[in-house]
Amino acid sequence: MPTVDLTSDFKGERYAPEIIKKEVHLKSGLTEYTGIVYDMKMDGMTGTYIDFPGHIAETDNGLYADNCPLELIYRCPAGVIHLNCKSGDGAVGADVLEKTYCIEKGKPALIINALGELPPCGIDNRSVYLDESAVQWIIDSGCKLLVSDIYESKALHGVFLKLFQAGITTVCIPANLHKLTAPEVELTVLFPKMPGITQLPCRIIAEF
């Protein structure tokens with residue numbers, strides 16, 4: 001079964017992660033060696049990251065990194081949409097998603113590859129985005145996990161608010177979506193089991 005790593009490079013959206021490597025010398029009467037440990041400080045939006053609805057205080061539904069059900073993040077069936085938008089193309093509407101989605105609706109996850117081979121940072125920031133009709137189409141599809149390389153516009157018209165109100169968890173800044181050559185894949189999203197955390201870096205893998 002082919003697998004694709006959909007995780008982008010580990011770098012911060014707002015500032016670079018601060019990682020300090022330390023050496024700890026350990027010695028006993030039986031052995032001696034040097035342990036390597038790390039102090040890390042980073043933004044929740046470092047590399048590819050997952051947003052639970054509680055990322056917005058008003059839509060917190062009690063779903064966190066430590067209690068997320070495995071069926072949402074382990075081999076979760078996902079339909080795939082491929083577009084080929086360029087920087088500045090503007091709104092993506094429901095009509096475009098409907099025309100491009102070629103399997104039966106009702107999958108628990110959805111992948112939108114709007115930018116083709118371009119990475120999310122390969123366009124003018126937020127110059128391609130989901131409009132209100134697209135957001136409603138996503139909600140009506142029944143998915144509870146959305147992986148997309150586009151979301152909000154520069155005008156901040158509430159894409160995340162509406163998705164979170166519908167109980168949809170999102171994954172942002174994915175990579176390699178164009179390498180998904182099947183209309184349906186199984187998604188696995190990996191992250192530390194941290195209590196009460198609603199946004200954190202993750203690793204995401206697709207199988208098909």
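The report below takes these topics in turn.

## Basis of the model

This is a predicted model, in which local features need pLDDT of at least 70 and side-chain atom pairs count only at pLDDT 80 or more, while totals for chains, interfaces and linings use all residues. Residues are numbered from 1 along each chain as its sequence is written, and side-chain values use heavy atoms, with hydrogens and water left out.

## Helix H3

Helix H3 spans residues 132-140, and its buried residues are Ala 134, Val 135, Trp 137 and Ile 138 (buried means under 20% relative accessible area, exposed over 50%, partly exposed in between, with a 1.4 Å probe and protein chains only; helices are DSSP runs of H or I with at least four residues, strands runs of E with at least two, numbered from the N terminus). Seen down the axis of H3, these buried residues fall within an arc of 160 degrees, so they line one face of the helix; the arc is that of the directions from the helix axis to the C-beta atoms.

The face of H3 turned away from the buried side carries the exposed residues Glu 132 and Asp 140. Just after H3, Gly 142 takes a positive phi of about 90 degrees.

Ile 36 is found in strand E3 and is partly exposed, with a relative accessible area of 38%.

Asp 43, by contrast, has its place in the loop between E3 and strand E4 (49-51), and counts as buried at 4% relative accessibility. Leaving aside residues up to four places away in sequence, Asp 43 touches Arg 14, Tyr 15 and Pro 201 (contact means heavy atoms within 4.5 Å).
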